[in-house]
Amino acid sequence: MKVLSGLIAAAAVAGVATAASAGTLDDIKAKGFVQCGVSTGVAGFAFTDDKGNWQGFDPAVCQAVGAAIFGDPSKVKYTPTTGKTRFEALKSGEIDMLARNTTWTLSRDADLKLTFVGINYYDGQGFMVPKALGVKSAKELGGASVCIQTGTTTELNLAEYFRTNNMKYEPVPIETNAEGRQNYLAGRCDVYTTDASGLAATRGTFENPADHVLLPEIISKEPLGPLVRHGDDQWADIVRWTLNVLITAEELGVTAANADKMSTSSANPEVKRMLGTEGNTGEMLGLRPDWGLQALKAGGNYGEIFERFIGSKTPIGLERGLNAQWVNGGLIYSPPIR
Amino acid sequence: MTDTTETFAPGTHPDLPPPLGSRGIVKWMRENLFSSATNTVLTLLGAYLIYLAVPAFLDWFILDAVFDAGSRNECWERAGGACWSVVVVRFDQLMYGFYPEELRWRVDLAFLLLFVALAPVLFDKVPGRRYLAIFSIVYPVIAFFLLWGGMGLEPVESAKFGGFMLTVLIGVSGIIASLPLGIVLALGRRSELIVLRVVCICFIEFIRGVPLITLLFIASTLLNYFLPPGSNFDLLLRVLIMVTLFAAAYLAEVIRGGLQAIPKGQFEAAMSMGMSYWKMMGLIVLPQAMKISIPGIVNTFIGLYKDTTLVVIIGLLDPLGLSQSILADSKWQGLSTEIYIFIAIFFFLSCFSMSRYSIYLENKLHRGHKR
Amino acid sequence: MSAIEYQGPSFKLEDLWTDRRWRAISIQILALAGLFAFLAFIVNNTINNLSLLGVETGYGFLAEPSNYDINQTLIEYDSRSSHFRAAIVGLLNTGVVAIAGIIAATILGFTVGVLRLSGNWLISRIMYCYVEFTRNVPLLLQILLWYGIVVHSLPRPKNALEPLSGIFLSNRGFSVPAPVAEPAAWAIFIAFVIAIAAAIGFGQYAKRVQEATGKIYPVISIGLGLIVVLPVLTYFLSGQPISLDWPALRGFNFAGGMTVTPEFVALWFALSIYTASFISEIVRAGIQSVSHGQTEAAYSLGIKPSWTMRLVILPQALRVILPPLISQYLNLTKNSSLAIAVGYMDVVATIGGISLNQTGRALECMSIVLATYLTISLVISTIMNWYNKRVALVER
């Protein structure tokens with residue numbers, strides 16, 4: 001026993017000595033791609049196309065980061081994660097960043113040691129029920145069976161909501177959105193609860209979306225955003241400011257189509273700083289000078305990404321609502337790029 | 001009347017055929033189906049069960065089934081049986097996962113060559129067995145380059161592997177790698193060197209004591225804690241290692257059983273001939289022990305092969321994993337039975353043929369001892 | 001006597017490798033050193049990684065509220081209970097499905113095993129098909145198949161099937177009447193315990209009598225009779241203190257009675273049907289292993305067939321059957337961890353799943369899960385080894 005504890009102590013000493021390892025950015029440059037964790041599939045937010053490539057509102061952030069580093073949005077590899085595996089994957093270094101409808105909370109910051117770099121979707125937890133049940137309010141759900149994704153904040157909100165309202169329920173735990181959808185349609189549960197955006201996305205894939213209603217109660221705040229692990233601030237900055245570029249670009253009217261032209265012709269210095277034709281933002285972050293331009297050209301600005309994957313013209317049909325630019329009365333707001 | 005009567009001298013009458021009740025099908029039915037009151041009841045019950053189940057199943061399975069519809073609803077409008085269209089449409093995906101379409105010939109080739117490589121191992125009457133055996137030894141290398149690319153072939157990353165291809169890949173590599181490891185562990189467990197023995201016992205009992213999915217979960221998430229910071233290797237490789245270790249521990253116990261069945265005299269005779277430990281084991285003991293253990297070894301292999309389905313829990317896209325994504329497609333949702341039955345048939349065919357082979361091998365090896 | 005020239009124990013360095021005795025020691029020392037180096041490497045890396053991530057470790061989180069609900073709880077539990085309690089709930093759920101599975105698999109397995117040996121061609125063929133089909137298809141697939149059947153084929157609670165009055169089958173599970181005990185019910189429990197004790201005592205007595213005189217009492221029927229009659233009698237004498245709570249559709253789901261979830265049903269069916277096919281093969285092999293001469297010898301002594309089976313064949317067959325049977329029980333218990341595929345809340349799904357995820361204590365939670373299964377396995381295999389030693393035929 002003594003031998004073993006001696007060895008452990010020796011190992012601990014050795015550990016301090018080698019703790020300083022290369023930064024995430026150097027690792028990524030060395031391996032040639034960004035490893036990005038995404039969800040296993042939520043219509044519009046993350047899905048594979050026919051060729052098996054990941055697309056959607058969340059992978060778009062990864063593509064922008066890949067483009068900012070390498071100038072090529074395809075230099076990203078994806079790891080599908082469930083609600084259960086996502087944090088372990090990030091913490092253990094299997095993925096470099098996680099862009100998967102993940103809620104920013106205090107304990108995830110402070111206890112799980114993760115860094116949320118921003119918010120790309122303001123969401124809240126809602127309930128979906130079949131119209132035929134005749135339920136008008138979540139307060140009438142006492143005794144219902146509720147499908148709930150395990151390992152998510154929605155699971156905790158749900159327990160809290162039902163407890164504070166003195167109602168009983170049967171939780172039906174599921175792993176993925178696809179599973180939840182199947183169980184809900186088969187009638188294994190009366191109610192499906194997750195982020196309202198996810199509910200809308202799921203309902204959009206039903207044969208008869210009109211047969212299902214979202215209840216008016218939104219029981220939580222769910223600010224969703226990309227995240228990285230603690231300990232590498234440079235890498236966190238890169239992801240954070242790539243996201244901010246996408247948001248700022250929409251505010252300033254820069255799109256994937258006009259970015260090249262704007263980078264030289266724009267009279268606005270912030271546009272030029274953002275696109276790398278003025279100042280040295282790239283150097284500060286340890287990236288190429290035109291990182292902003294490349295990130296933007298990967299999939300367009302925030303508004304373009306939103307409209308392409310989940311906006312009102314897609315089957316998902318989400319309104320901008322809270323996710324409109326601050327100048328239009330929403331909450332999407334980027335700090336200045338200077 | 002009388003003129004048809006032949007007369008025979010006593011003892012010369014030719015044998016009459018047995019009475020109707022004790023020959024042919026009637027006799028067989030009497031003996032095998034209606035030999036007693038209980039048996040008659042059982043037979044009738046069984047026949048009734050078959051009458052209930054088989055026609056209904058056949059109707060659903062093939063007669064009323066739809067093979068070429070575009071969606072679930074189209075299926076259900078046309079007939080009430082199984083909707084095999086989902087399997088037809090997604091067949092390629094179920095076979096290869098997301099392996100690039102234009103490169104799938106490499107998978108097919110690797111699969112075909114697998115049988116060429118297996119032939120000399122499995123059967124001893126193959127023409128040119130000696131040359132084929134050389135091929136069997138280099139086959140893993142060939143298969144590796146065919147599947148992953150390299151040496152002039154376009155590389156394919158293992159994240160794109162999926163479907164039955166993944167099942168066969170994990171199953172076959174696990175089987176090949178776990179056998180030598182299992183033998184070493186079994187010898188270690190029976191070793192006189194106490195340290196080796198204790199280490200082997202601990203390892204075997206640990207692996208056998210926990211469910212495979214917890215090991216796979218460790219491989220997929222916790223392994224990175226145990227490796228030097230920043231190191232990262234392929235998830236598929238990690239799974240392969242875990243599956244191999246798992247099967248090796250079970251194999252070790254099977255082989256240990258075989259070793260224990262070898263009479264002490266064999267060891268003593270070998271040692272008195274002055275054989276070294278490895279000669280004794282390799283030439284005298286192991287060949288006999290392995291022969292005894294064959295049924296157990298094949299059963300372990302079948303178990304390993306079936307256990308490959310568990311990789312779906314850590315997110316690899318084996319057929320079960322793909323079925324989840326297929327069922328999430330609104331065109332096909334709710335057709336779980338069809339997809340699962342299709343996958344079940346695949347597993348049944350491969351596992352059943354493995355168990356048949358083990359029976360064949362047992363018979364072949366026991367030929368000399370049959371009385 | 002010609003003296004053999006004795007050479008003193010001279011030790012050369014190469015003896016460490018060439019001398020048999022020394023070699024054994026040096027191999028072991030090398031192995032030990034390698035093992036410790038490997039362990040140190042792992043521990044070192046883990047500590048490094050944890051300090052790099054700044055993750056705190058420790059089991060303190062077990063006392064904190066879990067904040068999630070579980071749908072099948074055998075002990076009192078709500079979202080304010082601790083993670084530790086959630087682990088216990090999960091462990092009990094594992095236990096329930098394992099025990100229910102073991103009972104069903106044993107009954108089914110023995111039946112099929114005996115029927116496969118029956119002279120009835122049709123029945124033995126049917127059983128053969130059953131065995132080959134179930135054991136050659138992965139268990140996970142069978143669990144999913146059963147779950148699909150329960151959830152997709154059974155009607156919703158409103159149109160639940162009612163095969164017997166008070167029993168409802170729907171895709172929310174099977175609802176059956178539940179016994180409700182009043183205070184006086186303890187009398188029945190005591191009567192039950194007394195009955196079992198009496199039955200065991202009678203069995204011992206009958207055995208002594210049989211060994212002394214050869215007279216055989218009907219132990220099984222008298223024992224079972226005691227166990228049934230005594231509690232039933234007490235039930236009526238103490239004024240029927242147990243009543244039934246009938247399930248009824250109230251709102252969304254069945255309330256009252258006892259409801260087993262579809263997850264449990266799917267897992268239980270799949271586990272028992274799958275394991276039963278292995279058990280049936282074990283039973284068949286066990287019975288066949290008893291040589292036919294034993295039967296013939298018993299007959300020639302004038303022992304009647306049913307007694308031959310009970311007194312001659314089965315005791316010998318059991319020696320062969322029991323060890324693999326128990327390892328099948330162990331397999332079933334370990335396989336119950338596949339519960340996670342259908343969302344049955346066993347120990348892997350609670351402490352190793354939701355708790356792990358909500359607290360991020362991966363190493364701690366997984367170590368608890370591993371320790372749980374290891375304990376179960378080691379306890380059972382210790383018992384099995386002890387039993388094996390007791391019944392093994394003593395040879396050279």
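**Reading an interface, a helix pair and a domain division**

Author: In this predicted model, 35 residues of chain C are in contact with 39 residues of chain A.

Reader: Which elements give two or more residues to the side of chain C that touches chain A?

Author: They are α2 (20-53), α5 (139-153), β7 (253-255) and α11 (347-359) of chain C. The greatest contribution comes from α2(C), with nine residues.

Reader: How many residues of that side of chain C are nonpolar, polar and charged?

Author: The side of chain C that touches chain A comprises 15 nonpolar, 16 polar and four charged residues.

Reader: What describes two packed helices?

Author: In general, one states the angle between their axes and the distance between those axes. Here, helix α4 (residues 121-135) of chain C packs against helix α8 (residues 262-289) of chain C at an angle of about 125°, and the axes are 9 Å apart. Because of that angle, α4(C) is oblique to α8(C). The crossing in which α4(C) passes α8(C) is left-handed.

Reader: Which residues make the contact between α4(C) and α8(C)?

Author: From α4(C) come C:Tyr130, C:Val131, C:Thr134 and C:Arg135. From α8(C) come C:Ile273, C:Tyr274, C:Ser277, C:Phe278, C:Ser280 and C:Glu281.

Reader: Into which domains is chain B divided?

Author: Chain B has domain 1 (19-63) and domain 2 (86-99 + 156-369). Taken over C-alpha atoms, the centres of domain 1 of chain B and domain 2 of chain B are separated by 40 Å.

Note on methods. Residues numbered from 1 in each chain as written. Chains lettered and ligands numbered in written order. Predicted model: local features only at pLDDT ≥ 70, side-chain atom pairs only at ≥ 80, totals over all residues. Axes fitted to C-alpha atoms, helices over the stretch in contact; angles between N-to-C directions. Helix = DSSP H or I, 4+ residues; strand = E, 2+ residues; numbered from the N terminus. Parallel < 35°, antiparallel > 145°, perpendicular 65-115°, else oblique. Left-handed = near helix turned anticlockwise from the far one by under 90°. Contact = placed C-beta atoms within 7 Å. Nonpolar A, V, L, I, M, F, W, Y, C, P; charged D, E, K, R; others polar. Domains from an automatic or database assignment.
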